Every structure is written in C-alpha cells, then in structure tokens.
Amino acid sequence: MEKVGTMDRRTLLQVAATAGVAQTAVAEPAHAATTSAAPPPTPLSTVPLRLPATEFTYEAVVELDPMVPLGKSPLGERRIIPITGGVFQGPRIRGTVLAGGADRQLSRPDGVLLLNALYELKTDDGAIITVNNRAIIDAPPGQAPYAYSVLDFTAPEGPHAWLNRGVFVGTVHGLPPERHAVLIRVYKVV
C-alpha cells in the first residue's frame with residue numbers, strides 16, 4: 001500500500017472522511033480500489049438540501065415599437081425592439097416603464113431566442129431604477145414554451161435599495177395581437 005508521509009492511504013482516507021474532506025481528492029488509484037477494502041463513499045455534502053422559493057415582486061406591461069432587424073451573425077439573426085413605455089405594480093413598488101430602453105434579441109439557428117432588455121423604471125415616488133433583463137425563450141414543437149429570465153436591478157439608495165440585494169427571476173409572456181407589449185412577472189428568490 002502506498003504511503004503518504006508517515007500514514008498509509010487507507011488511514012489517510014479514514015481521517016479525511018471523519019474530517020469531512022472529500023474523498024475524491026485523495027482517492028486510491030482505480031486498480032487499488034478493487035483490491036482494497038476502502039470505506040464506502042460519503043455524500044458530497046452534509047449541508048441540508050433547501051430548495052429556493054420565490055416571492056412575487058411586481059408585474060409589468062412593457063409597450064414596444066416594431067422590431068428592427070440588425071442582420072445575421074455567426075450566432076444567429078439579431079434584432080432590436082425599442083421599449084416605448086408601460087406600467088408596473090407590486091406589493092412594495094409601482095410606477096411606469098420609461099421610453100428609451102430596448103430589447104436586444106438573438107434568434108439562434110436551433111430556434112432558441114435570447115433576449116437582453118435594458119431599460120428604466122420610474123417609481124411613483126420618483127426613483128429611477130435600471131433593469132437588465134436577460135431571458136431565454138424556447139418553444140419546441142409539441143411542448144409548452146419555456147420563457148424565463150434573470151433580472152438585475154440598479155436602484156438608488158433609499159426605499160428601493162432592497163432591489164440591489166437579491167436574485168430576481170421572471171417570466172415573459174407576449175400580449176399580441178391585443179397590443180404590442182409583453183407581460184413580465186418578477187419574483188425574488190428567497
């Protein structure tokens with residue numbers, strides 16, 4: 001048996017297992033594992049599994065101008081959709097979506113649509129919050145569409161600074177043909 005310092009590998013594995021060290025870092029070679037009686041593998045972690053939950057933050061209706069094609073790239077078709085306004089409301093925040101932002105899109109050859117929308121929200125109390133909303137939309141034939149996003153906020157110090165201190169996810173729903181807009185629902189991961 002191979003020695004490591006003054007300890008053989010089996011003793012080192014037993015010490016590592018009781019100290020909570022991952023056995024893969026000091027595991028015996030594959031040929032030795034079949035001939036020795038090494039202790040059984042331990043779970044990767046002793047930290048209890050806690051699934052993330054979400055808390056509703058707000059719902060926004062974002063008004064859009066028609067799409068502007070930007071041409072084909074090696075990664076797919078590029079386009080931009082100007083944001084012209086809208087409204088948002090939630091339990092702790094409400095206001096308007098400011099005109100001037102845009103939704104940059106990449107339509108990949110595999111049918112997946114990548115969105116990166118950068119825009120501002122103006123709260124009822126006058127705060128301006130920048131939103132960077134990155135989404136992936138996939139609608140495989142015969143399956144329910146997959147349309148989720150991750151949002152980053154930059155809010156000024158004050159009553160809306162809590163937006164700077166969380167992970168936020170969202171859903172994206174098109175509203176046409178009734179209106180040229182999208183419905184975005186945002187949730188904080190808690």
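1. Arg134 counts as partly exposed, at 34% relative accessibility. Please keep in mind that this is a predicted model, so the values in these notes are computed from it. Arg134 forms a salt bridge with Asp152, and their closest N and O atoms are 2.7 Å apart.

2. Val150 has a relative accessible area of 36%, so it is classed as partly exposed. Which residues does Val150 touch, leaving aside neighbours within four places in sequence? The contacts are Asn132, Asn133, Arg134, Phe168 and Val169. Arg134, the salt-bridge partner of Asp152, is therefore also a contact of Val150. For Asn132, the C-alpha atom is separated from that of Val150 by 8.3 Å, and the two residues are 18 apart along the chain.

3. Tyr146 is another residue of strand β10. With a relative accessible area of 44%, Tyr146 is partly exposed. Together with Ile136 and Tyr148, Tyr146 forms a nonpolar patch on the surface, and the three share about 290 Å² of accessible area. Do have a look at this patch in the viewer.

4. Next, the strand pairing around β12. Strand β3 (residues 54-64) pairs with strand β12 (residues 181-189) in the antiparallel sense, over nine bridges. How many residues lie between β11 and β12 in their hairpin? There are six.

5. The β3 and β12 strands also carry a charged pair. Side chains of opposite charge can pair when their charged atoms come close. Glu59 forms a salt bridge with Arg185, the closest N and O atoms being 2.6 Å apart. Glu59 sits in strand β3 and Arg185 in strand β12, so this pair links distant parts of the chain, 126 residues apart. Are these residues buried, exposed or partly exposed? Glu59 counts as partly exposed at 30% relative accessibility, and Arg185 counts as partly exposed at 29%.

6. One further charged pair deserves a mention. Asp110 forms a salt bridge with Arg108, with the closest N and O atoms 2.7 Å apart. Asp110 is exposed, because its relative accessible area of 51% is over the 50% limit. Arg108, at 29% relative accessibility, counts as partly exposed. A search of the whole structure finds four salt bridges, among them Asp110 with Arg108, Glu59 with Arg185 and Arg134 with Asp152.

Definitions and conventions. Residues numbered from 1 in each chain as written. Predicted model: local features only at pLDDT ≥ 70, side-chain atom pairs only at ≥ 80, totals over all residues. Heavy atoms only, no water. Buried < 20%, exposed > 50% of the residue type's maximum accessible area, 1.4 Å probe, protein only. Contact = heavy atoms within 4.5 Å. Patch = residues over 30% accessible without salt bridge, like charges linked within 9 Å, V, L, I, M, F, W, Y side chains within 5 Å. Areas by Shrake-Rupley, 256 points an atom, 1.4 Å probe, with all protein chains shown as cover. Salt bridge = Lys/Arg side-chain N within 4 Å of Asp/Glu carboxyl O. Helix = DSSP H or I, 4+ residues; strand = E, 2+ residues; numbered from the N terminus. Pairing = 2+ DSSP bridges.
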